[in-house]
Amino acid sequence: MAKLDTTGTIKDIDIDYKTHKAKISLLLDTKQLDIVEELKNEDKLNIKLKKYRKHRSLDANAYFWKLLTELCELAEIDTIEEYKRRIKELGIFRQFKIEKDNIKTFEKMWTAQGIAWFCEIADTTYIGDTEFKITNAYYGSSSFNSKQMTRLIDGVIQDCKAYGIETKPKEEIESLLKEWDKK
């Protein structure tokens, strides 16, 4: 199945008079006309338009994950579980009081933000006869500010050095973190 991921601009917006639906002309930044032609023949497409944002090649979060993955492979531990342990140690979460019947829905919505967003039930309380779960919802590191990211990266660098894993020079890491707050 053909797929095209590209950038571009909206050139024209019109209304289809038969269906009264929006008709949009796009100017795509691609020369893969064979894929465009193949997609043109499909009955229906999934389309997502959003504001363009330049991707960073290796930001502070990507560097953290690179180091964590190397460390976990060498130590033969699960990367996601080790990530969660580190995030819990930092204590960067928001606490919610959620009715017991709504817990699964909340967890599904929170964790849908990314692989590194997770929840943990910390306590149970009652208001009248209604049971509530006190839930710690941990933020993924992609949402951290530079101070939080520094703490996270410093911890993994310390452990990497103990395992003999090479890390970037301090100045380069500081540069990544300075760029982090600009995102």
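Glu89 and Arg85 form a salt bridge, with their closest N and O atoms 2.4 Å apart. The model is a predicted one, and the questions below set its computed values against the cut-offs that give each feature its name.

Q: What makes the pair of Glu89 and Arg85 a salt bridge?
A: The criterion asks for a side-chain nitrogen of Lys or Arg within 4 Å of a carboxyl oxygen of Asp or Glu. The closest N and O atoms of Glu89 and Arg85 are 2.4 Å apart, so the pair meets that limit.

Q: How do you know that about one helical turn separates Glu89 and Arg85?
A: Both residues belong to helix H3 and are four residues apart there, which means that about one helical turn separates them.

Q: Why is Glu89 called exposed, and why is Arg85 called partly exposed?
A: Exposed means over 50% relative accessible area, buried means under 20%, and partly exposed is what lies in between. Glu89 has 59% relative accessibility and therefore counts as exposed, whereas Arg85, with 36%, is partly exposed. Glu89 and Arg85 are also members of a network of salt bridges that includes Glu82, Arg86 and Asp159.

Q: What makes Glu131 and Lys100 a salt bridge, and which parts of the chain does the pair tie together?
A: The closest N and O atoms of Glu131 and Lys100 are 4.0 Å apart, and the pair is listed as a salt bridge under a limit of 4 Å. Glu131 lies in strand S5 and Lys100 in the loop between S3 and H4, so the pair ties together parts that are 31 residues apart in sequence. Glu131 is buried, with a relative accessible area of 18%, while Lys100 counts as partly exposed at 46%. Glu131 also forms a salt bridge with Lys133, the closest N and O atoms being 3.0 Å apart, and both Lys133 and Glu131 are buried. A search of the whole structure finds nine salt bridges.

Q: Why is the ring pair of Phe96 and Trp110 called edge-to-face?
A: Among the 11 aromatic pairs of the structure, the rings of Phe96 and Trp110 have centres 5.9 Å apart and planes at 65°. Ring centres must lie within 6.5 Å, and planes over 60 degrees apart count as edge-to-face, so the pair of Phe96 and Trp110 is edge-to-face. Phe96 lies in strand S3 and Trp110 in helix H4, so this pair ties together parts that are 14 residues apart in sequence. Trp110 is buried, with a relative accessible area of 10%. Ring pairs also link Phe96 and Trp110 into a cluster with Phe106, Trp117 and Tyr139.

Q: What makes the pair of Phe118 and Tyr138 stacked?
A: The centres of the two rings are 4.6 Å apart and their planes stand at 10°, so the pair is stacked, given that planes under 30 degrees apart receive that name. The pair links distant parts of the chain, with Phe118 in strand S4 and Tyr138 in strand S5, 20 residues apart. Phe118 is buried, with a relative accessible area of 6%, and Tyr138 counts as buried at 4%.

Q: How do you know that the buried residues of H6 line one face of the helix?
A: The buried residues of helix H6 are Ile173, Leu176, Leu177 and Trp180. Seen down the axis of H6, these buried residues fall within an arc of 95°, so they line one face. The face turned away from that buried side carries the exposed residues Glu171 and Lys178, and what covers the buried residues of H6 includes helix H2 and helix H5.

Q: Why is a positive phi at His20 and at Glu76 worth noting?
A: Most residues other than glycine have a negative phi. His20 has a positive phi of about 65° although it is not a glycine, and Glu76 likewise has a positive phi of about 55°. His20 is found in the loop between strand S1 and strand S2, and at 62% relative accessibility His20 counts as exposed. Glu76 lies in the loop between H2 and helix H3, and at 71% Glu76 counts as exposed.

Notes
Residues numbered from 1 in each chain as written. Predicted model: local features only at pLDDT ≥ 70, side-chain atom pairs only at ≥ 80, totals over all residues. Heavy atoms only, no water. Buried < 20%, exposed > 50% of the residue type's maximum accessible area, 1.4 Å probe, protein only. Helix = DSSP H or I, 4+ residues; strand = E, 2+ residues; numbered from the N terminus. Arc of directions from axis to C-beta. Contact = heavy atoms within 4.5 Å. Phe/Tyr/Trp six-rings, centres within 6.5 Å; stacked < 30°, edge-to-face > 60°.
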